[in-house]
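Hi,

Here is the structure I said I would pass on to you. Have a look at it first, and then read on for what turned up.

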Amino acid sequence: MLLMEMPWLSTIILLPLIAALAIPFIPDKNGKTVRWYALGVGIADLALTVYAFWQHYDLQNPDFQLAETYAWVPQLGLNWSVAVDGLSMPLIVLTGLVTTLAMLAGWNVTTKPRLFYFLMLAMYSAQIGVFAAQDMLLFFLMWELELVPVYLLISIWGGPKRQYAATKFILYTALGSIFILLAGLTMAFYGSNVTFNMVEIGQKYFPMSLEVLLYAALLIAFGVKLPIFPLHTWLPDAHGEASAPVSMILAGVLLKMGGYALIRMNVEMLPHAHIYFAPVLAILGVVNIVYGALTAFAQDNLKRRLACSSISHMGFVLIGIASLTDVGLTGAILQMLSHGLIAAALFFLSGVTYERTHTLAMEKMGGMAKSMPKVFALFTAGSMASLALPGMSGFIGELTVFLGFATSDAFNPTFKAVVIVLAAVGLIATPVYLLSMLRRVFYGPENAQLTIDPWLLVDAKPREILITLCLILPIIGIGLYPKIATQTYDVKVVEVAANVRDALPVVAQQRERLYSGYIAPKLGEPTQGLVVADLGKGA
């Protein structure tokens, strides 16, 4: 009974932050004690998360669970309101896994280790808070809280251009956050009921013109984080200068915050506007896929090539969200989970390579497969997952997105065909730039400068193998048996998709000319299966 009443989510969110506050008082001269302490906190919080969801989360319930609400700053209407459902639960588990492994990846940090692990733990709390927050002000607070640690982690432990990359990151994301605050306050104060509760805000009725403006504002804010072209330019710079542990979190968790928020707020809370913007999202998704893939070809920097690959892969998330089907939405979430694991593995391995070669320029590498066969094997496995090799999570995620969009009856066949064909072009380009990356780094003649010191190119150590396997094994597991992941959010996705489909007749009636091909339902008929023939070309 006591365990049932325990504030699980508050404990999971606050444990890393409270533990971080103790770091300055831990007696430690060389950072070894602090790193073990931070790793222990990360493992404990991840174990607590898994236990709480395993014992107290019902996979068949689409509603919010483990809900907690406490008055925090009643004068401002700010409540500590947290809960989880199918959209947030798997992403919280992903956050715990990737962040804990990132702290283990930072084992060799010698510059200001106390500050490094303090920021990592503080960011851990903020990330989980974003996924669990059910109060608009609390969501905004957690969203902003994670920006500061990332900025400091890049600007202190980054590469030669770290100050530029960190400043660009904070400017883009902070400016995007203004749109969250403006849209959130507008939704909260609209109507007679002033509330910051996200469930109550989702039940409000907004005029279509206002709903479209709110959707556009939130799309800009979350588009920066996802990122969506042309709001993406901060990402290659951030990845190119960030250390491997920070890049793991950037790609594995922070980008997923943008996709999660798009589904949580734009799709779930503003369904009528989402129907208007669905073709726009599909087009932006195609642009992301093709642009990211083509840009990756031009990158000689190893991490910048992987960053452009992330931009391309996030395009599939946009197409899945735009499909207006539960299958497409399932694929979008699966793609986020899959990419979080794959990108974290690849960025970690790029850091392993950098520690040996002290360069990220692929032109200065080559022939390292002989000296580092284990690193080569792990890097190859991660690359195969990223290019959607059957049997790995990347394949099933992208395939589900394609199926969801191809079977959607909300777009005319021509529009669907164009989107699918262009997305397939980017899909074909992915193996080319990834296999080219492997060839330039691991094949061919060895670089003479790298082989001068025989101790320089040492193979993967047990710690590095452990970190990579903790990411590769779930990738293979999901690829072979996707239900491991999809069962956590299937019920919720069906509910969200049905809510959007219910809004379809309303939008069609308001814009009769735009949706001239729409077949209006008879009284009592379900809206699933209706056709909006001109939606793709009219929006």
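Below are my notes on the core, the salt bridges, one glutamine and the cavities.

Before anything else, keep in mind that this is a predicted model.

Let's start with the inside. In general, nonpolar side chains in soluble globular proteins tend to be buried together. Here, the largest nonpolar core has 187 residues, and the members that touch the most others are Phe 139, Phe 222 and Leu 250. The biggest contribution to this core is from helix α14 (residues 326-357), which gives 16 residues. Leaving aside residues up to four places away in sequence, Phe 139 touches Val 130, Ala 133, Ile 180, Met 198, Phe 222, Ala 261 and Met 265.

Now for the charges. Side chains of opposite charge can pair when their charged atoms come close. How many salt bridges does a search of the whole structure find? The count is 13. One of them joins Lys 225 and Glu 146, with 2.7 Å between the closest N and O atoms. Lys 225 belongs to helix α9 (residues 208-225), while Glu 146 sits in the loop between α5 (136-145) and α6 (147-157), so this bridge ties together parts that are 79 residues apart in sequence. Both Lys 225 and Glu 146 are buried.

Asp 237 is worth a look too, as it turns up in two bridges. With Lys 168, the side chain of Asp 237 makes a salt bridge at 2.9 Å, N to O. Asp 237 is in helix α10 (residues 234-241) and Lys 168 is in helix α7 (residues 162-189), so parts 69 residues apart in sequence are tied together. Are these two buried or exposed? Asp 237 has a relative accessible area of 14%, and buried means under 20%, so Asp 237 is buried. Lys 168 counts as buried as well, at 16%.

The side chain of Asp 237 also meets that of Arg 304 in a salt bridge, 3.0 Å from N to O. This pair links distant parts of the chain, 67 residues apart, with Arg 304 in helix α13 (residues 302-322). Arg 304 has a relative accessible area of 26%, so this residue is partly exposed.

Some of the charged residues form a network of salt bridges: Asp 85, Arg 264, Glu 268, Lys 492 and Glu 495 are linked in this way.

Next, find Gln 65, which is in strand β1 (residues 65-73). Gln 65 counts as buried because its relative accessibility is 8%.

The largest cavity holds about 100 Å³ of space. Its lining is made of 15 residues, and those nearest its centre are His 313, His 339, Ile 342, Ala 343 and Ser 386. The elements giving two or more residues to that lining are α13, α14, α15 (373-386) and α16 (393-406). Of these, α14 gives the most, with seven residues.

Key: Residues numbered from 1 in each chain as written. Predicted model: local features only at pLDDT ≥ 70, side-chain atom pairs only at ≥ 80, totals over all residues. Heavy atoms only, no water. Core = buried A, V, L, I, M, F, W, Y, C linked by side-chain atoms within 4.5 Å. Buried < 20%, exposed > 50% of the residue type's maximum accessible area, 1.4 Å probe, protein only. Helix = DSSP H or I, 4+ residues; strand = E, 2+ residues; numbered from the N terminus. Contact = heavy atoms within 4.5 Å. Salt bridge = Lys/Arg side-chain N within 4 Å of Asp/Glu carboxyl O. 1 Å grid on protein atoms, 1.4 Å probe; cavity = no way out; pocket = protein on both sides within 12 Å on 5 of 7 lines; lining within 4 Å. Points joined across faces, edges and corners; volume = space filled by probe spheres on them.
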